[in-house]
Amino acid sequence: MSVKTSQGDAELLAAVRNGDVAAYRVLQQRHAPAAYALARLLLGAESRGESGAESRVEGVVEESFAAVHQVIDQGDGPEQAFRVHLLTALRRTVGDTAGAADLEGSPVARAFSSMPERWQLVLWHAEVERARPDDTGLLLGLTVNGAAALAYRAREGMRQACLRIHLAETTAPECRPALARLGHHIRGGLTREQSRIVDEHLEGCSGCRAVLTELTGIGRSIRSVIGPLIVGPVFPAYLVALGRMGVTTEGGLPGRWRRAPRSVRRAVVAGAVTTAVAMAAALVLVSGSEPAPPPSAASEPIVMAPALPGVVPTPSGRPKASGGESGGAGAGEPAGTGPGPTGTGQDGRAGSWLAPRLVARIDALGALIRSEAGIVAVRLRNAGRGQSEEVVAYVGLPRGVTLPSGSRGGHSVGAVTPVGTVDGWSCRAWRRGARCVRGPLPAGRATAVFLRVLVSDDAAYGAVPSVTVSTAGMRVTARSRGGVRAEGAPARFATDGRVAVSAIGNTLLSCAPSEPGCEAARSGQGSRRDNNSWEMRPLDRDGDPSTSSSSAARLVLPAAGKVVWAGLYWSASAPPSGRIKLKVPGETKYRQVRAARVVERELPVGRGYQAFADVTRLLGRARGTYWVADASTRPGVSRHAGWSLVIIVADPRRPYSQTVVVDTATVLERGHRSMRIPLGGLTPADAPAKVALVTWEGDAGVVGDRVRLGGRTLRPAGGGRDPRNPFDGSATGARGARATFGTDVDRFRARLGRAPVLELGTHQDVLLFGAAAVSVRAAS
């Protein structure tokens, strides 16, 4: 049984569509109490007490569940908002349609039907039924905080959709300016003079006051319209029945009452009283029970979120298909987005000239290499003039490429933690890939989500991931340009934002200071500047008797810089132990670090290794001097040992950029003197990229090395700055000596080109390439 009772309704419905009968049983158990409560009210079973009444209730409930299941089997029906569909089907089964036609034409009902199903789900359970946050979170597959945040966005989306409908149907020219500013007026976003003008209009216009009341009390508006629309006139009694089952029907969160304009406060009070009277009267007439207490005047929050301009979605709430594939990226927009003669779109919808337009792409970062982990990036940009609705991205992975969470039957299951900056995305395993969701994307904004994947040893070369991105009113698809490759380096970490890369390092082996010429070599002078010219011995510079080898490097960061990610790499021509010590700025003691990955390679002097550990959480005060000690080393001629700290730092003063760290452990020597590292997934503007390379075993006295990017040979920013010898035993930030025998941490600047590939080569030297970190300003 692959079904978990903790799964959200959307996951269960997806499983039902895949033929999982057990998933539908979980849905039945979850929603049966509400169905029985409504069936008893619609059939009058509670009040009449006739014999056989309960059996009729059971028959209606079973028939309703069966009807919904049949619709799902036919490829239609709910994808998320299961209870809304179930209760609607139940009313139709009973034959009760009283009052529905009148309510369906209301702005609130039309706005609700335009919402994405996920928003319909949260609005129904959080606003209409007033379910507990933990219950709503369970149905959504979210935490309590996540469910609350989604409900907040959905309420604001409803408010804006209602306002757009009123604007589209307003014929009085004197009302349009006030209605157009009403959303900002509610959120306190107008100037004092603008608020005064709107207030003066509201004083003399009952129609606009009614709209204000509807919008400020959007939760009550939803309950008073959507509740009766779905369950019928028995809605008040239905709420009471849910309350008896442990579902709260009271209160909400208090709004920013004192900050709201005076007219807004009056509208909230008026709406509260009107709704309370209507609910109480309906409850008395329908059920004969005592009326529920009126809601508090301050129970509805005055939302201060940004406005949500954009196109009104299709009435079904499902996105229209548009867009397509185009070289790894796709763009979609709703039909009829051109300006119409009256300021609406060509399809007649208010504000559709302010429609969003999504541009999506998916890329394999670095390269997807067999038997390695990698990263797939989904990037999204709103190139339109209006904010989108909630965004859903379905990531499809080719066979042999899976998510690293647990798997059953070849499919990954459970929550998926994105790599890097999350930016509001939440992801879960979905079929042969992932389903990722985030809130609305404002016009002109870009966002990205990065997923860790595992590539099997038999994954087909050339197989590529794809993505389908949906929001209300549109759908866009894209395929990656790059997929599973035979060569390259997989991505270790990636993120987008106002970020940049940095790397420092130092050696842990050096010549003995007592030997003639050693001090000159360590200063980068003389002819014996290589590790093959000396008996290499442990370097121990920290003055700590508990360490046998140690060295330091200084990290310089901008004042506002904050570390997003930090990876510690170390290497030696020795057997690995998988352990090393790290002391960060501001601390007096070393921390023991264990490697998350160790790769061994055959070197001319015997076996060597490269180790890696994610040390992001260990970094305290990021800038300053870092000490590293006691890696596994072996003294001797031509031996090397060293370390490098690779960092991605956020800096609010930097332009929006893309960063990626790729790593591998590849030996360049004899018949294999060059390697190509595809830098897939970077979409640069016309600006140089910053590149940091970590390489081991380079020799200062051996020329013939090269680094190429974008078809050009690069000159290192440090060391001897010789493009013929970039791997000259020098490391950025190294303290104590200029020469860092066998350890190279170099910086470069270059333009990436359209299909960036980093090329490393050597004619005479032996190199062990470790890692590359790249930062480039994103294309606008």
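Helix 8 (residues 117-128) and helix 9 (residues 133-140) have axes that come within 10 Å and cross at roughly 155°, the axes being lines fitted to C-alpha atoms over the stretch in contact, with angles from 0 to 180 degrees between N-to-C directions. The two helices are therefore roughly antiparallel to each other; angles over 145 degrees count as such, those under 35 as roughly parallel, 65 to 115 as roughly perpendicular and the rest as oblique. Helix 8 passes helix 9 in a right-handed crossing, a term for a near helix turned clockwise from the far one by less than a right angle. Arg 118, Leu 121, Val 122, His 125 and Ala 126 of helix 8 make the contact with Thr 136, Leu 139 and Leu 140 of helix 9, contact meaning heavy atoms within 4.5 Å.

The model is predicted: local features need pLDDT of at least 70 and side-chain atom pairs count only at pLDDT 80 or more, while totals for chains, interfaces and linings use all residues. Residues are numbered from 1 along each chain as its sequence is written, and side-chain values use heavy atoms, with hydrogens and water left out. Helices (H or I, at least four residues) and strands (E, at least two) are DSSP runs numbered from the N terminus.

The axes of helix 7 (residues 107-114) and helix 10 (residues 144-169) come within 9 Å and cross at roughly 125°. That angle makes helix 7 oblique to helix 10, and the crossing is right-handed. On helix 7 the contact involves Pro 107, Val 108, Arg 110, Ala 111, Phe 112 and Ser 114; on helix 10, Met 158, Ala 161, Cys 162, Ile 165, His 166 and Glu 169.

| Helix pair | Axes within | Crossing angle |
|---|---|---|
| Helix 8 and helix 9 | 10 Å | roughly 155° |
| Helix 7 and helix 10 | 9 Å | roughly 125° |

For helix 5 (residues 82-94), 13 residues at 1.5 Å each should span 18 Å, and the end C-alpha atoms are 18 Å apart, which agrees; the expected span is 1.5 Å times one less than the number of residues. Its buried residues (under 20% relative accessible area, 1.4 Å probe, protein chains only) include Phe 82, Arg 83, Val 84, Leu 86 and Arg 91. Just after helix 5, Gly 95 takes a positive phi of about 90°.

Val 556 lies in the loop between strand 20 (550-555) and strand 21 (562-572). Val 556 is exposed, with a relative accessible area of 65%, the cut-off for exposed being over 50%. The C-alpha atoms of Val 556 and Gly 733 are separated by 8.2 Å, although the residues are 177 apart along the chain.
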